[in-house]
Amino acid sequence: MHPSFLTALCGALALAAPLAHAQVTGDPIRVDGGLVSGAWQANSAVRSYLGMPYAAPPVGKLRWKDPQPVASWGGVREATALGKQCIQPARLPTALSTEAAGPQAMSEDCLYLNVWTPAASPASKLPVMVWFFGGAWQTGSGGSPVATESDLPRQGVILVTFNHRVGPLGFLAHPELTQESPHRSSGNYGLIDQAAALQWVQRNIQAFGGDPGNVTIFGQSSGASGVIDQVASPHTKGLFQRAVAHSFGVRHMLRLPDAEQQGLRFGKGAGADSLAALRAMPAQEVLKASIAAKATFFPIADGWFMPAPVRQIFIEGRQQQVPLIIGWNRDEGTTYGLPGLIAAREPIEKRFGPRAAEASALYPSGSAPQTVLSSAMLHADTMFGVPTWTAANEHARTAKNQVWLYHYEHEQPFFPGQKYLEFENVPKLGAFHGAQVPYVFGTLHVLPRAWTETDRRISRQLQAYHLNFARTGNPNGAGVMHWPAFADRKNTVLHVGETPYLGEVPGLDRLEFLDAIVRSQP
């Protein structure tokens, strides 16, 4: 059963259902709220519809509430500009994420989505791919040019990107919020936004030529975590049929009582001793207070939308049984810089207790380069390797459908002297966190690199795997190396590099060691 708020939203918008005769090439078309008109992209056969609201602005009394129905508008809405990204910290100007995101305005009024379609009519029933952006649940949007300039739609799919609430405005739990909630829960507003966007797709995508019965959700980093969370939630069944998680990383999920106490402490520290006072604060002040307090807010096990920590749900086999592509990158840790890497490692005795000697053997220190390398490896294994490998194992064991596991190892060709914040004290970025994303979207041209035919070939291969998966639920097809479904300790992992090959799980001894540590904890 879908969440009650989504059911109510669907009913409230019944009068705004897509017109059966709507033509993508014959704007305007009807979506939730009214009529919209898009624009043809330059030099392409793709039409874009940008900045369409999928929920009411989450402002005022709607701050920290489930997404509410869109207000109707009169006339035709020109859907030709991206909506503003949600309130979030400014990105550092020399960071890789800044380069990929491009300049974007922000607002608390931010629940908008975008659709790119090559279709001529609803009869086309094209596969739909819905992108979940990354950004550690604190930053990001559906407006990054690495995604919005994708050529995936030109290859016969509908592409959807969207914004959702992040940081304290997206994941604050509070006893008063729980009290006013019909579900007696709070804190997962960003996740519920994601589900609301998927509900919008179900109600409206046919008008753009898409098939609501063939939806693939795919994301990277926290976007991959969002994908896995939607797979784990009991409230999103039927909203998608396939899932792709790039660099799935999961932190310890607070349960609702602990998250509520975190929210109370945050409010008091911000000088707001009640929910009313928190809602009266300007959104930027809420953000500033969280930055000043060094408070970070993430999805929680709220007992409703996420009934238990996602790892537990997968181990118990309670997740949705959908085909899954999942994987991580060889050098995930490098973009966190040297201080972050050392913090992830030290002190190894305190972190691993009686098993510290085993940890030191797996992640040796010595010379400065060796320490940096092993620290990066530990960070990558802990944050991404173990969660990804565990999810693949448990999904393959408990779900009726298949899993495909990959390990990304190709390095982006930076120009000589090209520097970013993440290079500081790290010899090189390697196959860093997020390195594969422009290859998947076919947007190498967006980033300044010394791209070669090898890069373009890898991009074509990754796109083919994703497009095949979106069409059929299986990444295999003509023109790509056969990729068998994942089976642990067998040569079933696709190693993506200059010359792709099938091999075993990389660093399996390290992953098994870290997984045993996690399983031993209460």
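Biologist: How much space lies in the second largest pocket?
Modeller: A pocket is an open set of points on a 1 Å grid over the protein atoms alone, with protein on both sides within 12 Å along at least five of seven lines. Grid points are joined across faces, edges and corners, and the volume is the space filled by probe spheres set on the points. Here that space is about 910 Å³. The model is predicted: local features need pLDDT of at least 70, side-chain atom pairs count only at pLDDT 80 or more, and totals for chains, interfaces and linings use all residues. Residues are numbered from 1 along each chain as its sequence is written, and side-chain values use heavy atoms, with hydrogens and water left out.

Biologist: Which residues are the closest to the centre of this pocket?
Modeller: Lining residues have an atom within 4 Å of a point. Of the 29 in this lining, R251, H252, R311, V518 and Q521 are the closest to the centre.

Biologist: Which element gives the largest share of the lining?
Modeller: Helices are DSSP runs (H or I, at least four residues), as are strands (E, at least two), numbered from the N terminus. Helix α15 gives the largest share, six residues.

Biologist: In what order do the three strands of the open sheet stand?
Modeller: Two strands pair if DSSP finds at least two bridges between them. The order is β1-β2-β5, with mixed pairing. β1 (29-31) and β5 (76-78) each have a single partner strand, so one side of each is left without a neighbour in the sheet.

Biologist: In which sense do β1 and β2 pair?
Modeller: The sense is antiparallel, over three bridges. R30 stands opposite L35 in β2.

Methods: On a 1 Å grid over the protein atoms alone, a cavity is a set of points where a 1.4 Å probe fits but cannot get out, and a pocket is an open set with protein on both sides within 12 Å along at least five of seven lines; lining residues have an atom within 4 Å of a point.
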